[in-house]
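Please look through the sequence and the structure shown here before reading on. The report below then takes up a few of the features in turn.

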Amino acid sequence: MKISHAPLLISLFVSNVIFAQQDTVISSLTCDIPVWMVQNHVPCTGVGVIENGRIKWLKTFGDLKAGHPAPVNTLFNIASQTKPVTAMLTMKLVQAGLWQLDEPLSHYWIDPDIADNPWLNKITTRIVLSHQTGFPNWRSDNGDTKLRFTFEPGTKFRYSGEGFEYLRHALENKFHQPLNVLMEKYLFKPLGMRNTQDWSEKLDTSRFAMWHNGQGQRYGVSIQTPVSAADDLITTVEDYCKFGMATMNGLGLSDTLFADMVRPQVKVKDNYYRCLGWGLVTGLPSGEYALEHGGSDVGVRTMAVFLPKSKSGVVVMTNADNGMFVTDQVIKRVLTAGAQVLEIMNKGAVSHERITIADDVIKSYVGTYVQSNGKLMKVEQEGNALKVSGDGVPTAVLYPESPNKFFLEGYDVQLEFPDAHSLIIYENGKQVMKISRQ
């Protein structure tokens with residue numbers, strides 16, 4: 001009998017083509033990432049690529065300081081990328097029968113500021129993880145130190161770090177252990193995330209990527225940050241890849257619980273929702289969906305996108321305010337659906353058209369503005385547009401769409417000048433901050 005080798009040869013040929021394409025992507029990233037970093041004044045960038053449920057490539061670019069190249073296990077502060085980690089901890093506790101998604105958190109914690117509010121018992125873990133608490137991002141956004149509801153919990157979306165901190169208090173009160181101990185027990189140790197931690201005196205600062213502004217200058221700030229459910233976890237690209245792979249593989253959750261976790265909980269805009277702990281992007285080719293989350297703080301821009309059906313993803317970490325302009329380029333290059341994911345995430349509810357306005361109007365907005373936390377934002381004229389920079393603010397040019405409104409091309413970010421003394425920042429159609437002129 002004559003045995004045909006054609007199917008085997010075709011299979012080998014297809015496999016070689018796929019690997020060649022993958023290697024081409026990695027080769028191009030190796031060449032282009034340093035260029036993007038120089039263009040955007042980003043001192044250090046770490047990248048992890050996941051394919052078929054495994055880490056295919058890890059690479060760190062740049063220096064931690066002059067003459068000290070960043071190692072592959074560089075430690076990054078990941079800001080709000082802490083939130084999915086907190087979310088997955090709670091899902092593990094739910095799977096173990098130790099926690100309930102829809103139990104009022106008031107059984108374990110009540111913030112004194114809202115102790116008499118009739119909406120108190122509407123705050124549950126599900127409501128927190130899908131950003132429906134009605135709390136502002138931070139209570140200081142109210143202009144003081146009081147925690148207040150801005151709407152009835154469960155009725156709409158508003159991104160809130162305060163919600164996650166509320167959950168932290170409830171967890172710690174029930175289990176009589178600090179959050180970082182619970183994280184280590186239920187997530188970090190089982191997943192082999194040996195480099196993930198909150199700040200402590202034991203932190204290896206020699207491989208920590210210190211923060212930088214939009215001009216690439218290092219911020220003179222301390223790295224000492226408290227344990228938080230919403231912010232400031234410290235980790236490596238490899239560890240966050242391990243976390244992403246475990247999440248895509250179900251994290252040991254039952255099929256029913258995992259399906260509940262990735263189900264849309266609240267709509268943000270077309271094809272973009274909040275599920276439990278993640279941003280959820282739908283409408284991708286072949287029925288794929290994406291779990292995504294970024295981190296944004298002073299000198300921090302990080303991003304991760306995971307595609308559970310194909311078990312692929314990318315993690316990008318930077319230590320600079322302009323890092324988003326690098327992370328987006330990497331995501332577009334690595335993921336076939338990367339550009340579509342970013343377009344869905346960044347697309348505004350309305351379209352923006354650039355117009356020309358009077359030069360004296362542009363000049364009237366120039367100045368320094370101060371946030372409630374003391375951070376400064378500088379507004380300068382850039383032709384018939386405005387360039388913004390400052391503490392935690394990407395250096396970017398925004399174009400006029402009306403005499404007092406400006407937009408950032410490619411992102412759902414706008415500035416509005418309601419009067420001569422203040423400006424308002426909008427993201428995803430929602431007001432996130434009002435800043436006064438200094």
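This is a predicted model: local features need pLDDT of at least 70, side-chain atom pairs count only at pLDDT 80 or more; totals for chains, interfaces and linings use all residues.

Asp 232 is found in the loop that runs between α5 (179-191) and β5 (234-235), and its phi is near 70°, a positive value in a residue other than glycine.

Ala 79 also has a positive phi, of about 50°, although it is not a glycine. Its place is the loop between β4 (76-77) and α2 (82-95), and with a relative accessibility of 0% Ala 79 counts as buried.

## The chain as a whole

The protein chain contains 10 helices and 19 strands. Its radius of gyration is 22 Å, close to the 22 Å that the globule rule gives for 438 residues, so the chain is as compact as a globular protein of that length.

Of the 438 residues in the protein chain, 52% are buried.

## Surface and charge

The accessible surface of the protein chain amounts to about 19600 Å², and carbon and sulfur atoms hold 52% of that area. The chain carries 42 positive and 44 negative charges, and the mean position of the positive charges lies 4 Å from the mean position of the negative ones.

## Cysteines without a disulfide

A disulfide is a covalent bond between the sulfur atoms of two cysteines. How many disulfides does the count come to? The count comes to zero, and Cys 44 is accordingly in no disulfide, with the nearest cysteine sulfur, that of Cys 241, 15 Å away.

Seen from the other residue, the sulfur of Cys 241 has its closest cysteine sulfur in Cys 44, and at 15 Å this is too far for a bond, because a disulfide needs the two sulfur atoms within 2.5 Å. Cys 44 counts as buried at 0% relative accessibility, and Cys 241 counts as buried at 0% relative accessibility.

## Helix α9 and its cover

Which residues of helix α9 are buried? In this helix, which covers residues 338-346, the buried residues are Gly 338, Val 341, Leu 342, Ile 344, Met 345 and Asn 346.

The cover over the buried residues of α9 includes a helix, α8 (324-334), together with the strands β6 (266-269), β7 (272-274), β8 (279-281), β9 (290-297) and β10 (300-307).

## Ile 435 in strand β19

Ile 435 belongs to strand β19, which is made up of residues 430-437, and at a relative accessibility of 0% Ile 435 counts as buried. Leaving aside residues up to four places away in sequence, Ile 435 touches Tyr 369, Val 370, Gln 371 and Met 377, and also His 421, Ser 422, Leu 423 and Ile 425.

How far apart in space are Ile 435 and Ala 209, C-alpha to C-alpha? The distance between them is 29 Å, while in sequence Ile 435 and Ala 209 are 226 residues apart.

Definitions and conventions
Residues are numbered from 1 along each chain as its sequence is written. Side-chain values use heavy atoms; hydrogens and water are left out. Helices (H or I, at least four residues) and strands (E, at least two) are DSSP runs, numbered from the N terminus. The radius of gyration is taken over C-alpha atoms; the globule rule is 2.2 Å times the number of residues to the power 0.38. Buried means under 20% relative accessible area, exposed over 50%, partly exposed in between (1.4 Å probe, protein chains only). Accessible areas come from the Shrake-Rupley method with a 1.4 Å probe; for residues, only the protein chains shown count as cover. Lys and Arg count as positive and Asp and Glu as negative; His and the chain ends are not counted. The place of a charge is taken as NZ of Lys, CZ of Arg, CG of Asp or CD of Glu. Contact means heavy atoms within 4.5 Å.
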